[in-house]
Amino acid sequence: MIALVTGGNRGIGREVCRALAGLGHTVLLTARSPEAAERAAGELDGDVVPLRLDVTSADDVAAAAATVAERYGRLDALVNNAAITYDTWQGAVSADLDVVREAAETNLYGPWRLTQALLPLLRGSAHPRIVNVSSEAASLTNMGGGTPAYNSTKVALNALTRMLAAELRGDGVLVNAICPGWVATEMGGPGGRPVSAGAAGVVWAATLPDDGPTGGFFRDGRPLPW
Ligand SMILES: NC(=O)c1ccc[n+]([C@@H]2O[C@H](COP(=O)([O-])OP(=O)(O)OC[C@H]3O[C@@H](n4cnc5c(N)ncnc54)[C@H](OP(=O)(O)O)[C@@H]3O)[C@@H](O)[C@H]2O)c1
């Protein structure tokens, strides 16, 4: 399998790369800093290929798609992991909308643009999978106040997940939103569970069998309320 992971240089994304490579898959470890991609890929065992990819850059997205097309001619799994702005310092009533807009560039438009660019290559796979790394913070059922940029952009990512799953069902592309749980990373802070636990559910969704679910929202392989 050939998998592409965004934000693969640290945190959950790096661990997803490590785990997928450990299963024998070819992993394109992408990061917005080419040096960070090189460094992280060099630290991991297996077939891990570093690639520069800032998901907010249309040029980077086009270049990454061209590289995958040229080197492999197809893509089996796209893991939209990169995200920013867990904005605990503000609420919806007074949120800085520039912050919300900036978060959307990475958390929503990034995965959307990248998915569009890579779709021809995913359609070339016999078992295509798209994993959108979301958060229970996006659950409308449990929605409270706070972290407005994060929550609203992850809600929109969940909506994108549903639309893509419906539109791509006929092509056999399984598209799911995955919450990794609270994980001890730079974003999650100390106290969360280890990256291996957070990454496991993402790897599960990237390696689903053909009769696996699509259009779902899961943590640890179990459904979450939308
Ligand atoms: N940690 C948690 O408790 C938790 C809980 C629920 C959901 N999640 C989700 O899990 C995913 C990974 O989170 P994490 O905790 O591993 O976060 P993290 O440690 O903050 O890592 C975020 C990653 O995203 C990358 N990134 C940010 N902007 C980017 C851009 N424009 N283009 C490409 N890469 C970019 C970062 O790269 P740089 O190194 O260049 O900044 C970094 O590799 C996110 O989608 C997050 O929302 C996390």
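**Helix α1 against helix α6**

Helix α1 passes α6 in a right-handed crossing, meaning the near helix is turned clockwise from the far one by less than a right angle. Helices here are DSSP runs of H or I, at least four residues, and strands are runs of E, at least two, numbered from the N terminus.

This is a predicted model: local features need pLDDT of at least 70, side-chain atom pairs count only at pLDDT 80 or more, and totals for chains, interfaces and linings use all residues. Residues are numbered from 1 along each chain as its sequence is written.

Now the contact. On α1 (residues 11-22), G11, I12, E15, V16, A19 and L20 take part. On α6 (residues 195-206), V195, S196, G198, A199, V202, V203 and A206 take part. Contact means C-beta atoms, placed from the backbone, within 7 Å.

Which of its residues are buried? V195, G198, A199, G201, V202, V203, A205 and A206. Buried means 20 or more other C-beta atoms within 10 Å of a residue's own, exposed means 12 or fewer, and partly exposed is in between. The buried residues of α6 pack against several elements, including β1 (2-5), α1 and β4 (77-80).

Last, R74. R74 sits in the loop between α3 (58-71) and β4. R74 has 16 C-beta neighbours inside 10 Å, so R74 counts as partly exposed. Beyond its neighbours within four places in sequence, R74 touches I2, L121, G124 and S125.

Methods: Axes are lines fitted to C-alpha atoms, for helices over the stretch in contact, and angles run from 0 to 180 degrees between N-to-C directions. Two residues are in contact if their C-beta atoms, placed from the backbone, lie within 7 Å.
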